[in-house]
Amino acid sequence: MRQLELNRYELMWMLVLFDLPVIEKEERKAATAFRNFLLDNGFSMIQYSIYTKLLSGKDACEKYYRLISKNLPSDGKVDIITITDKQYGNIISYSAGTKSQKKQPEQLLLF
């Protein structure tokens, strides 16, 4: 059986960032539906309006670009950023004033 090794330049992180209106009841419902759509499709919440997903390459990204565009709320702003796993590993985070860097995972090996 052939093993497929993906390096940190082929793996892609998709970040979905959004600013959706939530004043009216219908707007809150649409915003919640969009967040649930992302969660149901394997995205993880980083912050309330930022969700991420690790994908196996550009072809997988294209699939999610189409899925997200079909499930956009009618109002608000949604941005999608894709970066390599290597770039994502360079993120420096601060929480309660304490600096932390992302742990570098071992190379992913798929069989």
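A residue is called buried when its relative accessible area is under 20%, exposed when that area is over 50%, and partly exposed in between. In this predicted model, Lys77 has a relative accessibility of 47% and therefore counts as partly exposed. Asp79, with a relative accessible area of 33%, is partly exposed as well. The side chains of Lys77 and Asp79 meet in a salt bridge, with 2.7 Å from N to O. Side chains of opposite charge can pair in this way when their charged atoms come close. A search of the whole structure finds one salt bridge.

Four strands form an open sheet in the order 3-4-2-5, and their pairing is antiparallel. Strand 3 (44-47) and strand 5 (77-84) stand at the edges; each has a single partner strand, so one side of each is left without a neighbour in the sheet. From one strand to the next, the twist averages 25 degrees. In general, the strands of a sheet pair through backbone hydrogen bonds, either parallel or antiparallel.

Within this arrangement, strand 2 (residues 12-19) and strand 4 (residues 50-55) run antiparallel and are joined by six bridges. Val16 stands opposite Tyr51 of strand 4, and Met14 has Lys53 in strand 4 as its bridge partner. Strand 4 also pairs with strand 3, in the antiparallel sense, over three bridges. Here Ser44 stands opposite Thr52 in strand 4, and a hairpin of two residues connects strand 3 to strand 4.

Helix 1 (residues 25-40) touches strand 2, strand 4 and strand 5, and its direction makes about 170 degrees with that of strand 2. Helix 2 (residues 58-70) likewise touches strand 2, strand 4 and strand 5, but its direction makes about 20 degrees with that of strand 2.

Which residues of the largest nonpolar core touch the most other members? The core has 16 residues, and those with the most such contacts are Met14, Val16, Phe18, Phe34, Leu38, Phe43 and Ile68. Strand 2, helix 1, strand 4 and helix 2 are the elements that give two or more residues to this core.

Conventions:
Residues numbered from 1 in each chain as written. Predicted model: local features only at pLDDT ≥ 70, side-chain atom pairs only at ≥ 80, totals over all residues. Heavy atoms only, no water. Pairing = 2+ DSSP bridges. Axes fitted to C-alpha atoms, helices over the stretch in contact; angles between N-to-C directions. Contact = heavy atoms within 4.5 Å. Core = buried A, V, L, I, M, F, W, Y, C linked by side-chain atoms within 4.5 Å. Buried < 20%, exposed > 50% of the residue type's maximum accessible area, 1.4 Å probe, protein only. Salt bridge = Lys/Arg side-chain N within 4 Å of Asp/Glu carboxyl O.
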